[in-house]
Each structure stands twice: as C-alpha cells, then as structure tokens.
Amino acid sequence: RSSQQGADGGDGSPGSAAAETPSSEDFSLSLLDTNLPAEAETELRSFIAKRLTKGALFEGMGNVASVGLSIPEYKVGCYYCRFQQENLLEMATLESDINAPEYVVCFLGGSEKEDTFRLELDKYIQSLKINPDLEQKTLETYVNPYLGSWFENAICPIQRVVQLFQEKLAFLLHAALSYTPVEVRNADERTEKDISRFLAAASLQGLVQEGTMTSLCIAMTEEQHKSMIIDCGGAQPQLHNAGSNRFCEDWMHAFVNGAEGGNPFLFRQILENFKLKAIQDINNLKRFIRQAEMNHYALFKCYMFLKNCGSGDILLKIVKVEHAEMPEARNVVTVLEEFMRE
C-alpha cells in the first residue's frame with residue numbers, strides 16, 4: 001500500500017512524501033512536495049519512516065514532536081498527520097485493493113507549541129480529503145498553496161480576531177460562553193471564518209456534557225429570539241444585541257494586553273485559561289448547589305458566589321439546564337434566580 005508524506009519548512013510551508021504499509025518495515029517514502037532543503041528533507045523523511053515502522057501514525061490524528069534537523073541548526077516542532085483519500089478508501093474496500101495511496105503531511109514550526117493547535121491542524125488536513133486526487137496539476141494549483149498557508153489559516157485566526165475586535169472582544173467571549181447565536185454581516189470570507197473559529201475555540205464544547213450544550217443552545221435561542229449581529233462593514237466591527245459581564249471584560253483585557261507581543265500561541269493559552277476558569281466556576285457552583293439542597297447557609301454562599309464571580313448570568317443558565325431533571329437542585333436554582341433578579 002503506498003503512502004505519502006509532506007514536509008514543511010520552518011517558515012510554515014508545505015511538503016509531502018509517499019510510503020507503503022505503515023505497520024511493516026518493508027516500505028519506502030517518496031517525496032511529493034516540500035520546501036525544505038534536501039538535507040533537512042532527508043532527515044525528516046528518516047524521522048517519519050521510523051514513526052511509520054512503529055505504527056505510530058493513526059489515520060486523521062496528528063501528532064506533534066521535536067525533530068532535530070540540520071537546517072536550521074536546532075530542534076523544531078513538527079506536526080505530522082497520516083491520511084487517505086476517502087473516495088479512494090471506499091474504492092479500495094470495494095475492490096479489496098491494498099494499494100490505495102496514503103499521505104503524510106508535515107508542518108514545521110519554531111517549537112512544539114503547535115501542539116496547542118493540534119485539533120485545528122487536524123481539521124485543516126481533513127479538507128485535503130475533499131480533493132479527488134493529488135496529481136501534479138492539482139498539486140500546483142491547490143495542494144501546494146493550501147499547505148503553504150497552514151500557519152496563516154490554522155494558527156493565526158485567534159490573533160486576528162483579537163486585533164480586529166480589541167475591547168469589543170468581551171462581547172464575543174460572552175457569546176461563546178453563553179452559546180448565543182452569532183450572525184456575521186458584510187465581512188470577507190477570511191474574517192467570517194476567523195470569527196467562527198474563535199467562537200468555536202472559546203466555547204465550552206467538549207468540556208461540559210453534550211446534552212447540556214444542546215439544551216443550552218436551544219434555551220439561548222428561544223430566550224433571545226435574536227442573534228448577536230456583527231457588522232464588519234466599517235473600519236471597526238459594530239455589534240448589535242450584544243451582551244457582556246465582568247468575567248468576560250476581565251479576560252478581554254488579558255487578550256488586549258497580550259496583543260502587543262503578537263504571539264498566536266500566547267493568545268491560545270489565554271483562551272484555554274479562560275475556559276478552564278469558566279469550568280472551575282461551574283464546578284464550584286454545582287458543588288454549592290448540592291450543599292444548598294440541605295443547608296440554607298450554603299444557599300447564601302451560592303448567591304454570594306454568583307454575585308462575585310462576574311459571570312453569574314451565564315453560570316446560572318448552565319446549571320439550570322443541567323439540573324432541569326433534579327427537583328431539589330431545580331428548587332435551589334429557582335430561588336437563586338429570584339435573588340439575582342432582585
């Protein structure tokens with residue numbers, strides 16, 4: 001079975017090569033495309049060959065490792081991912097043909113920080129499967145430019161959104177945290193995709209129960225009957241039907257202060273810390289609610305926590321959805337809602 005592998009230069013451009021039966025030692029790698037110098041490409045090919053021999057590359061799941069290359073003369077972070085064209089995979093299954101081509105794509109950066117963007121890079125590679133083949137004409141017109149812009153398209157969206165919204169980022173964080181529907185108007189395709197990716201990255205999807213997220217999305221849509229509208233027609237985006245709270249405003253300042261350095265990995269780390277703090281607050285509130293079912297003083301602690309955490313409006317909505325089927329906890333949430341309204 002043949003496989004292909006892509007190698008990338010330190011400036012974040014594309015490359016690839018092909019191999020046979022990754023689980024076996026008897027295979028060869030052939031170069032499809034790269035922008036690495038020949039010596040470094042050979043070293044990278046050797047690294048990938050060892051990983052293939054060990055069976056360490058799973059279909060569609062990227063890995064990040066440190067690789068020693070002679071150019072530049074230090075270790076670089078290497079993201080690598082093995083994939084097979086979906087249509088070719090189906091044909092191989094139907095025809096029992098074990099020669100369906102496989103590919104490995106590598107992206108090289110200055111450090112192993114690419115690991116913080118591994119899921120984004122996995123999605124970036126997935127869209128290559130849409131392409132029917134990787135022949136030379138397609139390679140030049142689509143694959144090469146696509147792989148060459150991996151850093152700009154997969155790593156930088158969060159940074160671009162922070163620079164675009166500045167202080168208005170608090171409204172975007174609030175929308176992501178509360179699962180408020182967002183409608184983008186008068187934006188170019190890249191800006192619209194950047195905003196969508198930022199909202200997805202800032203949401204708590206995957207960190208709280210899927211059923212809770214679904215119910216929360218429905219509840220937010222029904223409650224507001226309107227989306228938050230972002231109009232990108234002017235020099236600065238204009239927001240309508242936007243909400244915010246002290247929690248999101250505090251984190252907005254962390255993003256804006258970090259913008260001076262212009263490091264996309266720093267922004268991603270701030271975003272992860274933002275979500276971690278939100279999850280900690282949700283877990284603390286749920287613990288207080290369990291205690292408040294039997295203790296009036298704990299109920300007061302719940303109320304004080306909601307008042308002081310800066311994000312009581314969102315946390316209350318989340319726990320309300322989660323405790324909808326629990327009578328005692330639901331009663332506590334109802335009392336908290338009344339106090340918060342007052």
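Student: Which backbone nitrogen does the side chain of Asn-245 reach?
Tutor: That of Cys-248, at 2.9 Å in this predicted model. It is a polar contact (a pair of N or O atoms within 3.5 Å; within protein, one must be able to donate a hydrogen and the other to accept it, and residues adjacent in sequence count only if both atoms are side-chain atoms).

Student: Which side chain does Asn-245 make a polar contact with?
Tutor: The side chain of Ser-311, at 3.3 Å.

Student: Where is Asn-245 placed?
Tutor: In the loop between strand E9 (238–240) and helix H10 (246–258). Helices (H or I, at least four residues) and strands (E, at least two) are DSSP runs, numbered from the N terminus.

Student: Is Asn-245 buried or exposed?
Tutor: Asn-245 is buried, at 8% relative accessible area. Buried means under 20%, exposed over 50%, partly exposed in between, with a 1.4 Å probe and protein chains only.

Student: What is Asn-245 in contact with, leaving aside neighbours within four places?
Tutor: His-174, Gly-310, Ser-311, Asp-313 and Ile-314. Contact means heavy atoms within 4.5 Å.

Student: What is the mean pLDDT of the protein chain?
Tutor: The mean is 81, and 77% of residues reach 70 or more. pLDDT is the predictor's confidence in each residue, from 0 to 100. Over residues 1–24 the pLDDT is below 50, although this stretch has 126 contacts beyond near neighbours in sequence.

Student: How should coordinates be read where pLDDT is low?
Tutor: Not in detail.

Student: New topic. How many residues are in the largest nonpolar core?
Tutor: It has 74 residues, and Leu-169, Leu-172 and Leu-173 have the most contacts inside it. A nonpolar core is a set of buried Ala, Val, Leu, Ile, Met, Phe, Trp, Tyr and Cys residues joined through side-chain atoms within 4.5 Å.

Student: Which helix gives the largest share of this core?
Tutor: Helix H11 (residues 264–292), with 12 residues. The core draws at least three residues from each of domain 1 (38–85 + 100–130) and domain 2 (163–340). Those bounds come from an automatic or database domain assignment.

Student: What about another core, apart from it?
Tutor: That one has 18 residues, among them Ala-65, Val-67, Leu-69 and Cys-106.

Conventions
Residues are numbered from 1 along each chain as its sequence is written. This is a predicted model: local features need pLDDT of at least 70, side-chain atom pairs count only at pLDDT 80 or more; totals for chains, interfaces and linings use all residues. Side-chain values use heavy atoms; hydrogens and water are left out.
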